Amino acid sequence: MKNIHIKNIVISLMFTLPHVIINPHLFSLLTFFPSLIFGYLYIGSGSIIAPFVFHLFSNLFFQLYLIHKL
């Protein structure tokens, strides 16, 4: 595959699949969208640091959101 966008979509689907298997809820499918961002952050920065930091803050935000909703 030469198209970087198709590669990112395929890898994002692969990233989403275990999330859906572990937690078979429709909400788990939403991991696809941050995964796209992770991919583009990696492509743009050339480093895993940017997607790592984004993933960290995404998880923190999600956990804080859940804490306040419950």
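At the start of helix 1, a side-chain oxygen of N3 comes to within 2.8 Å of the backbone nitrogen of H5. This is a polar contact, defined as a pair of N or O atoms within 3.5 Å; within protein, one must be able to donate a hydrogen and the other to accept it, and residues adjacent in sequence count only if both atoms are side-chain atoms.

The model is predicted: local features need pLDDT of at least 70 and side-chain atom pairs count only at pLDDT 80 or more, while totals for chains, interfaces and linings use all residues. Residues are numbered from 1 along each chain as its sequence is written, and side-chain values use heavy atoms, with hydrogens and water left out.

The protein has three helices and zero strands. Helices (H or I, at least four residues) and strands (E, at least two) are DSSP runs, numbered from the N terminus. The C-alpha atoms fill a box of roughly 45 × 25 × 15 Å, taken along the principal axes. Of the 70 residues, 16% are buried. Buried means under 20% relative accessible area, exposed over 50%, and partly exposed in between (1.4 Å probe, protein chains only).

Helix 1 covers residues 4–22. Its buried residues are N8, S12 and T16, and these pack against helix 2 (32–45). An α-helix has 3.6 residues a turn, so residues three or four places apart point the same way.

| Residue | Relative accessibility | Class |
|---|---|---|
| K7 | 32% | partly exposed |
| N8 | 6% | buried |

The C-alpha atoms of K7 and G39 are separated by 9.1 Å, although the two residues are 32 apart along the chain. Leaving aside neighbours within four places in sequence, N8 is in contact (heavy atoms within 4.5 Å) with S35, L36, G39 and Y40. The side chain of N8 also reaches the backbone oxygen of L36 at 3.1 Å.

How do the two helices pack? Helix 1 and helix 2 meet at an angle of about 135°, with their axes 9 Å apart. Helix 1 is therefore oblique to helix 2. Axes are lines fitted to C-alpha atoms, for helices over the stretch in contact, and angles run from 0 to 180 degrees between N-to-C directions. Angles under 35 degrees count as roughly parallel, over 145 as roughly antiparallel, 65 to 115 as roughly perpendicular, and the rest as oblique.
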